[in-house]
Amino acid sequence: MSTTEPQTTAGESSQKGEPLLVVKNLKKYFPIKKGILFDRTVDYVKAVDDVSFEIYPGKTLGLVGESGSGKSTTGYCVLELLKPTAGSVRFLGEELTTMKKEELRRMRREMQIVFQDPYASLNPRMTVGNIVAEPLVVHKVGSGARRRKTVEELLEVVGFNPDFVNRYPHEFSGGQRQRIGIARALALNPRLIVCDEPVSALDVSIQAQILNLLKDLQGEFGLTYLFVAHDLAVVRTMSDDIAVMNKGKIVEAGPAERVYTQPQDDYTKALLAAVPVPDPHRMRERKEERRKHKHALAEAL
Amino acid sequence: MALLEVEDLRTHFKTREGEVHAVDGVSFEVEEGSVLGIVGESGCGKSVTSLSIMGLVQPPGRVVSGSIRFEDRELTTMSDKDLEDVRGKQIAMIFQDPMTSLNPTLTIGTQITETIRRHLGLSKADAEKRAVSLLEEVHIPDAKRRLRDYPHRFSGGMRQRVMIAMALSCSPKLLIADEPTTALDVTVQAGVLETLDELRRDHGMTMIIISHNMGVIAETAEQVLVMYAGQIVEQASVTDLFDRPEHPYTEALLGSLPKIDDHDPRNDRLATIPGRPPDLLTPPDGCRFAARCKYAGMDSCAAEPPQLREIRTGHWVRSQHPASERSAEPVGAR
Amino acid sequence: MSEPDLATETPPRKGPLGLERPFLQRRAEFEEALARNASARGAEAGASLPRASLWGDAFHRFMKNKASVVAAIAFLLLLAFVIFVPWLSNEDPYALDFSQAYQPPSWAHPFGTDGFGRDLLVRTALGGRVSFAIGFAATFAIMVVGIVYGATAGFLGGHVDNALMRFLDALYGLPYLPFAIMTLAVFGTVNFWTMVVALTIASWFTTARVMRGQIFTLKQNDYVRAAYAVGAKGPRVLYRHLLVNTLGVIIVFVFLELPGVILGEAFLSFLGLGINPPKASWGTLAQDGYTAYQAHPYIIVIPSICIAWLILSAFFIADGLRDALDPRTKET
């Protein structure tokens, strides 16, 4: 199991100055409590166990792993939506973990998130317009007509018909709701967007649409992405660099091309072998690959 | 005579806004011992098709017309009692979500032996013996002890294996697997699919596997049906389908898949299919894919529904513009 | 730029790394993106197909439930009865006329007269007003206390939640009626307000518990996380994202608590702790009729029927509402 140093994570990517986000030794432990009247902490679930990486401006780091690997938790910790147990998160040169509440709130303008579930990430009792406008309202940006115009423009940019600002989320399909979520994330023109499995809940043909959209937006707005997903093919198409997570740790990291074509770690190899490939001619070869890496795939109970 | 023959199956759902034509004229045959894959996106009708075969369609849905013949017996006209005998014993089904398919208040042992005793009339002791051997077949370690465990003590992959064991308990002739690995991690998925394959060969079972994942279909199926908007739009052997897809939808679907072994995919855009599937309340008159098709001519595509025709031996397609008949550029890039 | 600029209202951060992008460039990027790709993307996404509305859906489901519709009509009829009858009637409900005492129901007095010769039709209607008023007021009070308590516990979570809920568990042990009686005794007099307090004091527990559960569950939703991610503060999240989504539950609970309160008032009145005469409620009317039950059953029967009518209709409405507002799996 090789864990590469953070410095080589973005090795081959051209380095324009300093990294936008530097995460060092991030830990998130969830206490397991037992007891009748008073809860005692008996053990910890080590969801994120000493994770470090860097992301340079305009790049995408793909954080890939299976369920329980800690990838989503990492994303939430970076945004301080979950308080890290230990470690450092430096964003735009400032330490987020020790920031005061108000300061953090203002920082939130620069870092946003797109959620996985298009059905749960939008308040069913708010109109599309209000949902997208919420960031503007909360940070007191603009007012009235100016806000409305911005909301309409945002919806247009993500390919959602702005005529429907007064409709409710449940009236739309998964792909469209995801677009609403993306528009909300863009509202304050952030620099970093954490994409937490943004296409996992969507149909295959819609996935392609949303992935293209995210790519385009990255180019147009100079966005930096932390792209969290379990689908290796999806992560491949989006990322410059990859970090593979297993049980809370990064087991391998490096430029995407290298990790996918020359994986070093056993788990990574097993993971890559397990993905079903839409090519029936390779079936036999793929099954052989899997058999070779079976030992790395112990099914935990 | 094929093991399963479905002819012109139509299953509709009554809703407040009208009648949804979930499955609209589906016909296919499954030969004994083969594996049929049904692929399509959500709403295409693939799950409803399998539920219709099993007689599990609940109101407000119902099988409106069509014939389903299993071993030359007509299932659509069977009494509920007879159907219950067929279900579980001759045709078994495993579902997508192992979390909700198992009763959380009963032990695994109870659930498996219940099925066995219902269909095979074995004594409790014999049923338990059989249950243990089934669990071992699906590679669940320490099977005898695990019989006493409740579902929540099993991981997702294990639960799916238990489901498979239950499905196999009465040695069914046909197994329908509806998105069996969609809810599982990719490494677990590989294991479960391998087990399924192994068992299928050992028991000489026929299998229908339903999935939206083209990769799973490519590695599991022998024959493939592609469904769209309640109809079959393409049918072929698995190699022929992936090598030379004919229907514009199939082509587009394959083209929109992010590849794991692409070279420098970072700067490429994925091919997308613009728009969304049609509303099945009032299906379009003509070709259902016309609105999103690159090759749709303004002429007949939107007006006349294309029929399923054999374009090559064993390869059927429902389109006026299949790949091998296309000469020029796409008519209108939509 | 003629209009106030989005970018100018968010001054760029002056970080030590010099990473801030100039205002104008950001704005230009935005407009460029719009011009270039918006229409193509919109076409790619396809038409947005808006479908039925949330409340509309619920309304239809409610209407399909025959029992609920009948119950709703019954409830409204009863409400109409108590509102309009005293208004339209010429009878003086307080006039004593012993010559007319104990008249059984007739055309002149459809509900008969009581021991004092007062017309019972109007008295019942007036009594109904009092019962309804107490009922709604107490229900409102229960809702307020229960929601505040439960939402606070659910929202704050952790130790506060623990403490509040354990305390609530202890309170559950309090017997409802004896407490109501004690409260009335403490006040010394029984009028509208004391009755409302007495009925509320030991009835808000279930509401609190349910609200706490609701808030707790709703907190797990991604859209709540999203609100925090966007920078919203606690109170906004509590109100805009959590409470608003409990409306359905609250409405159902109103119709569940109402019968309990009405029955409670009736019971207290029957025990003699009812509202002071000459004001009457259905409970006190029933109590009046108790002594003359053998000879003149209608005096007790009629208000009892009214109470039962109200309770049954409210329950069935609550049932129907619960089913109607249940987020079912959508047909895709």
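**Notebook: sheets in chains A and B**

I started at β5(B), where R73(B) is the bridge partner of F70(B). I noted that strands here are DSSP runs of E with at least two residues, helices are runs of H or I with at least four, and numbering goes from the N terminus. Strands count as paired if DSSP finds at least two bridges between them.

This is a predicted model, with local features needing pLDDT of at least 70 and side-chain atom pairs 80 or more, while totals for chains, interfaces and linings use all residues. Residues are numbered from 1 along each chain as its sequence is written, and chains are lettered from A in the order written.

Next I looked at how β5(B) is held: β4 (residues 61–70) of chain B pairs with β5(B) antiparallel, over two bridges. Both sit in an open, antiparallel sheet of four strands, ordered β2-β1-β4-β5 (chain B). I found β2 (18–30) and β5 (73–74) of chain B at the edges, each with a single partner strand, so one side of each has no neighbour in the sheet.

I then sized up chain B. Its radius of gyration, taken over C-alpha atoms, is 21 Å; a compact globule of 334 residues would be near 20 Å (2.2 Å times the number of residues to the power 0.38), so the two agree. I counted eleven helices and twelve strands in chain B.

Y29(A) stands opposite K46(A) in β2(A).
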